[in-house]
Amino acid sequence: GRGGRGIKASDPKEGDFLRDLFIASTHDYLLFFTSRGRVYWLKVYDVPEMARTARGRSIANLLKMQDNESCRAVLRVSKFEEGFAFFATAKGTVKKTALGAFSNPRSSGIIAIGLDPDDSLIGVELTGEGDQIVLGTRQGMAVRFQQTDVRAMGRAAGGVKGLTLRRDDQVVDMAVIRPGMCLLTVCENGFGKRTEIEEYRLQKRGGSGVINIRTTERNGTVVALRAVRDEDELMLITANGIMLRTAIAQTR
C-alpha cells in the first residue's frame with residue numbers, strides 16, 4: 001500500500017541508483033541514449049539474466065561508450081517502422097526524429113542529437129500522432145504542448161526551444177500524454193501527487209509554463225514526471241535501492 005516500506009530491489013554500489021524499469025521481449029532492441037546525445041544498441045537477450053537483488057553488470061561492460069558519458073534514457077523498440085523519438089534536454093531544448101533513423105545498429109554508437117557543451121540530455125520518449133508533451137522543471141514548473149509543434153529533424157540536429165526556463169532552473173523530466181492519462185509528479189523527499197492534465201493549459205512550445213507543484217522544504221525539488229492511468233501501478237525506487245510498489249489509485 002501507499003506509504004509502505006517496500007522490499008529490496010537491488011544491491012547498488014555506493015553512489016549508484018536504479019532509474020529505469022520496464023518490460024521487454026528477448027528479441028526487442030534496447031536503445032541507450034547518453035548524456036552527450038549519442039545512442040547505442042543492445043538486444044535484450046544480450047543482457048545477463050539475474051536474481052531480483054543482484055547488482056547486475058555495468059553498462060560500460062555491455063556497450064562501447066565514450067569517456068564522460070552516462071546513460072540518460074533507455075527505449076525498448078520492437079520495430080523501427082513507425083513513430084518518433086522525442087528528445088528533451090536540461091536547458092529546455094526539444095527535438096523529434098523519425099524512429100527509422102536509428103534502425104542501423106553500430107557498436108560504437110551514433111549521434112542522436114546535437115548538444116551545446118553546457119547542456120545535457122534528460123529524456124527520450126516514443127511518440128506518435130495525437131500525443132502531447134509535458135516538460136517539468138526542478139523548481140516545479142511545467143509546460144504542455146502538442147508534439148506536432150515540433151517538426152521532424154535529422155539525427156544530428158540540435159532541436160528547438162520547448163520551455164523557457166526561469167533563473168537557476170532546469171528541466172528534470174518529460175512525460176508523453178495520451179487520452180485518459182493524468183500527470184504524476186514525484187519530489188525528492190518522497191511526496192507526490194496526481195493532477196488531471198486539463199489543469200495544465202495547452203500552450204505552444206517555448207512557453208514558460210504553469211506551476212506544477214510547490215517545491216517546499218517538505219517536498220524538496222521535483223525528480224520525476226509520469227503520465228499515468230487509474231489502473232496503473234507505480235514503483236518508486238530510492239537512491240539506496242529500496243523499492244515500493246503501489247497502485248496509482250492510492251495517490252489522490
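Buried means under 20% relative accessible area, exposed over 50%, and partly exposed in between, using a 1.4 Å probe and protein chains only. This is a predicted model, where local features need pLDDT of at least 70, side-chain atom pairs count only at pLDDT 80 or more, and totals for chains, interfaces and linings use all residues. Residues are numbered from 1 along each chain as its sequence is written, and side-chain values use heavy atoms, leaving out hydrogens and water.

View 1. Cys71 is buried, at 18% relative accessible area. The structure holds zero disulfides (a disulfide is a pair of cysteine sulfur atoms within 2.5 Å). Cys182 is in no disulfide: the nearest cysteine sulfur, that of Cys187, is 16 Å away. Cys182 is buried too, with 5% relative accessibility.

**View 2. An open sheet of four strands.** Strands are DSSP runs of E with at least two residues, numbered from the N terminus. Two strands pair if DSSP finds at least two bridges between them. The order is β12-β9-β10-β15, with antiparallel pairing. At the edges lie β12 (171–177) and β15 (210–211), each pairing on one side only. Six bridges join β9 (residues 132–137) to β12. Here Thr137 has Val171 as its bridge partner.

**View 3. The hairpin of β9 and β10.** Three residues separate the two strands, and Gly140 in the turn has a positive phi of about 95°. Gln132 stands opposite Gln146 in β10. Strand β10 (residues 141–146) is mostly covered, with five of its six residues buried. Two bridges join β10 to β15, where Val210 is the bridge partner of Ala142.

**View 4. Asp131 with Arg178.** The structure holds seven salt bridges (a side-chain nitrogen of Lys or Arg within 4 Å of a carboxyl oxygen of Asp or Glu). In one of them, the closest N and O atoms of Asp131 and Arg178 are 3.2 Å apart. Asp131 sits in the loop between β8 (121–127) and β9, and Arg178 in the loop between β12 and β13 (182–187), so the pair ties together parts 47 residues apart in sequence. Asp131 is buried, at 5%, whereas Arg178 is partly exposed, at 32%.

**View 5. Two further salt bridges.** Asp149 meets Lys204 at 3.9 Å, N to O. Asp149 is partly exposed, at 22% relative accessibility, while Lys204 is exposed, at 62%. Asp230 forms a salt bridge with Arg194, with closest N and O atoms 2.6 Å apart. Asp230 lies in the loop between β16 (222–228) and β17 (233–237), and Arg194 in strand β14, 36 residues apart.
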